[in-house]
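Please have the sequence and the structure open while reading.

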Amino acid sequence: MALHLNYREYAGPGPALLLLHGLFGRAANWGAIAKQLATDFTVIVPDLRNHGASPHDPDMCYESMTADVISLLNRLGINDAIWIGHSMGGKVAMTAALKDPSRVRALAVVDMAPVTYTHNFDDVLAGFDAVDLSAVPSRKEADQQMSQVISSPELRGFLLQNLQRDQQRYQWELGLEHLRAAVSLITGFEQPQAKFEEEAVFISGSESHYVTEQNWPIIQQHFPRASRCVVEGAGHWVYADKPQEFMRCLHQFLQSLDD
């Protein structure tokens, strides 16, 4: 059964556009980008299941995550949308395009390919575990505890967005136990025989290794009209590393849809 996702809406004059975050992210990650896009589109930004303020559930397969988003579109009376997804959110968007293409007007995938990756997230999960939620008094202290495991302040800042305080103490808003159990599902990707025949773009960072020359033929197999835009100097978090260059790629693609 589809979950009732939390979402943010940025009302604009044009057609619907979805922004889907990646693993350990949340709708707020897209805030600055969503505001820019809202000058031309009605922008919908959900928290995917087990993330942000959306419900938790042990099922993390991409078909279920896609069903959640389509259920949200149904609630909003939206028949189809331009789907834009980063990382895990990119796999959700690709699943929608391949399994339910009538709901996808066009597709933009940010630093992700329709392949199974071999890495895990043990280092990130260890960072969450390093924070003593029973006693941590502040975000600053949580950051110091996490720094014993994760050296990058940027990555810690990203992860610590998920630290929320209720009346008693801090807690992770993520469904960490479900995400931990589903790592192989999240890094995997079922490759159906289907093709998405509409326009698609794959935006990747030049310093990232998620979209390679080796997996580009697989992308073209499933998305025959796909184009590619590489953002120089950007890593996996393309839109955060090089926001202007990322928006240049995205605007070029969105403008091409009207040609």
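The model is predicted. Lys99 has a relative accessibility of 42%, so Lys99 counts as partly exposed. Its salt-bridge partner is Glu63, and the closest N and O atoms of the two are 3.2 Å apart. Glu63 lies in helix 2 and Lys99 in helix 3 (residues 88–99), so this pair ties together parts that are 36 residues apart in sequence. Glu63 is likewise partly exposed, at 31% relative accessibility.

## A pair between a strand and a loop

Arg105 and Asp80 form another salt bridge, with 3.2 Å between the closest N and O atoms. The relative accessible area of Arg105 is 40%, which puts Arg105 in the partly exposed class. Asp80 falls in the partly exposed class too, with 23%; the cut-off for buried is under 20%.

## A buried pair and its network

Side chains of opposite charge can pair when their charged atoms come close. Across the whole structure, a search finds 10 salt bridges. One of them joins Arg49 to Asp68, whose closest N and O atoms are 2.6 Å apart. Arg49 is in the loop between strand 3 (42–46) and helix 2 (62–75), and Asp68 is in helix 2, so the pair ties together parts that are 19 residues apart in sequence.

Are these two partners buried or exposed? Arg49 is buried, with a relative accessible area of 2%. Asp68 is buried as well, at 1% relative accessibility. Both residues also take part in a network of salt bridges that links Arg49, Asp57 and Asp68.

## Helix 5 against helix 6

Helix 5 (residues 139–146) and helix 6 (residues 153–160) have axes that come within 10 Å and cross at roughly 130°. Helix 5 is therefore oblique to helix 6; an angle has to be over 145 degrees to count as roughly antiparallel. The crossing of helix 5 with helix 6 is right-handed.

Which residues make the contact between helix 5 and helix 6? On the helix 5 side they are Arg139, Ala142, Asp143 and Met146, and these meet Arg156, Leu159 and Leu160 of helix 6. Sorted by class, this contact of helix 5 with helix 6 holds 4 nonpolar and 3 charged residues, and no polar ones.

Notes
Residues are numbered from 1 along each chain as its sequence is written. This is a predicted model: local features need pLDDT of at least 70, side-chain atom pairs count only at pLDDT 80 or more; totals for chains, interfaces and linings use all residues. Side-chain values use heavy atoms; hydrogens and water are left out. A salt bridge is a side-chain nitrogen of Lys or Arg within 4 Å of a carboxyl oxygen of Asp or Glu. Helices (H or I, at least four residues) and strands (E, at least two) are DSSP runs, numbered from the N terminus. Buried means under 20% relative accessible area, exposed over 50%, partly exposed in between (1.4 Å probe, protein chains only). Axes are lines fitted to C-alpha atoms, for helices over the stretch in contact, and angles run from 0 to 180 degrees between N-to-C directions. Angles under 35 degrees count as roughly parallel, over 145 as roughly antiparallel, 65 to 115 as roughly perpendicular and the rest as oblique. A crossing is left-handed if the near helix is turned anticlockwise from the far one by less than a right angle, and right-handed if clockwise. Contact means heavy atoms within 4.5 Å. Ala, Val, Leu, Ile, Met, Phe, Trp, Tyr, Cys and Pro count as nonpolar, Asp, Glu, Lys and Arg as charged, and the others, Gly among them, as polar.
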